Amino acid sequence: MNDIDNIDRRILAELQRDAEQSLETLGTAVGLSRNACWRRIRQMEEAGVIKGRVALLDAARLGLPLTVFIQVRTNAHAPDWLERFSTATRAMPEIMGVYRMSGELDYLIRAQVADMAGYDRLYQSLIRKVPLSDVSASFVMEEIKETTAPPL
């Protein structure tokens, strides 16, 4: 769906702000009827523009206050290694994101843990499952900006 117009963008902005709002409230905000909003949302869901609707949780209030970025370098670049790495990282609930990178760094992992001991358990578990050449970590001291909303 490449035909996202200004009304669709306004709908998306509203949904990113509050996906629980009623269709009536959404329609009023964007200047459409309830049914017209529903049809546009359905089209964007079917096209994959809207991937899902979720609750955003506060990790610190759930006992997971430490965000860690794990930098991974590997000497293995074969498809079977990547499959093992992907399977291992997807199965670890502490890992929130895994990114294959350009440049000197091969992969960047974002994880949420309770403390340094939690990070160490995660690290030990990861290196047991997949051979890695070099692993280093950086710990978030202050979250300045965090959003799930891409610019519209």
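Is Met141 buried or exposed? Met141 is exposed, with a relative accessible area of 84%; here exposed means over 50% relative accessible area, buried under 20% and partly exposed in between, with a 1.4 Å probe and protein chains only. The model is predicted, with local features requiring pLDDT of at least 70 and side-chain atom pairs counted only at pLDDT 80 or more, while totals for chains, interfaces and linings use all residues. Residues are numbered from 1 along each chain as its sequence is written, and side-chain values use heavy atoms, with hydrogens and water left out.

**View 1. Packing of helix H1 against helix H3.** Helix H1 comprises residues 6-17 and helix H3 residues 34-46; helices (H or I, at least four residues) and strands (E, at least two) are DSSP runs numbered from the N terminus. Two packed helices are described by the angle between their axes and the distance between the axes. For H1 and H3 the angle is about 85 degrees and the axes are 11 Å apart. Axes are lines fitted to C-alpha atoms, for helices over the stretch in contact, and angles run from 0 to 180 degrees between N-to-C directions. H1 and H3 are therefore roughly perpendicular to each other (65 to 115 degrees; angles under 35 count as roughly parallel, over 145 as roughly antiparallel and the rest as oblique). On the H1 side, Ile7, Asp8, Ile11, Leu12 and Leu15 meet Arg40, Ile41 and Met44 of H3, contact meaning heavy atoms within 4.5 Å. By class, this contact of H1 with H3 has six nonpolar, no polar and two charged residues. Ala, Val, Leu, Ile, Met, Phe, Trp, Tyr, Cys and Pro count as nonpolar, Asp, Glu, Lys and Arg as charged, and the others, Gly among them, as polar.

**View 2. The two sides of helix H1.** The 12 residues of H1 should span 16 Å at 1.5 Å a residue, and the end C-alpha atoms of H1 are 16 Å apart, which agrees; the expected span is 1.5 Å times one less than the number of residues. Asp8, Ile11, Leu12, Glu14 and Leu15 are buried in H1. They cover an arc of only 165 degrees around the axis, which puts them on the same side of H1; the arc is that of the directions from the helix axis to the C-beta atoms. Asn6 and Arg17 are exposed on the face of H1 turned away from its buried side. The cover over the buried residues of H1 includes helix H2 (23-30) and H3.

View 3. H2 and H3 pack at about 95 degrees, their axes lying 8 Å apart. That makes H2 roughly perpendicular to H3. H2 contributes Leu23, Glu24, Leu26, Gly27 and Val30 to the contact, and H3 contributes Arg34, Cys37, Trp38 and Ile41. These residues divide into six nonpolar, one polar and two charged. Gln21 is found in the loop between H1 and H2 and counts as buried at 13% relative accessibility. Not counting residues up to four places away in sequence, Gln21 touches Glu14, Leu15 and Leu26.

View 4. Trp81, Phe85, Ser86, Ala88 and Thr89 are the buried residues of H4. Their arc of only 165 degrees around the axis puts them on the same side of H4. Pro79, Asp80 and Arg90 are exposed on the other side of H4. The buried residues of H4 pack against S2, S3 and H5.

**View 5. Helix H5 and its surroundings.** Helix H5 (residues 116-129) has 14 residues and reaches 20 Å from its first C-alpha to its last, close to the 20 Å expected at 1.5 Å a residue. Gly118, Tyr119, Leu122, Ser125 and Leu126 are the buried residues of H5. Seen down the axis of H5, these residues fall within an arc of 130 degrees, so they line one face of the helix. Arg121 and Arg128 are exposed on the other side of H5. Strand S1 (66-73), helix H4 (79-90), strand S2 (95-100), strand S3 (107-113) and strand S4 (134-139) are included in what covers the buried residues of H5.

View 6. Thr67 lies in strand S1 and is buried, with a relative accessible area of 11%. Leaving aside neighbours within four places in sequence, Thr67 is in contact with Arg110, Ala111, Gln112, Ser138, Phe139 and Val140. Met141 is placed in the segment after S4.
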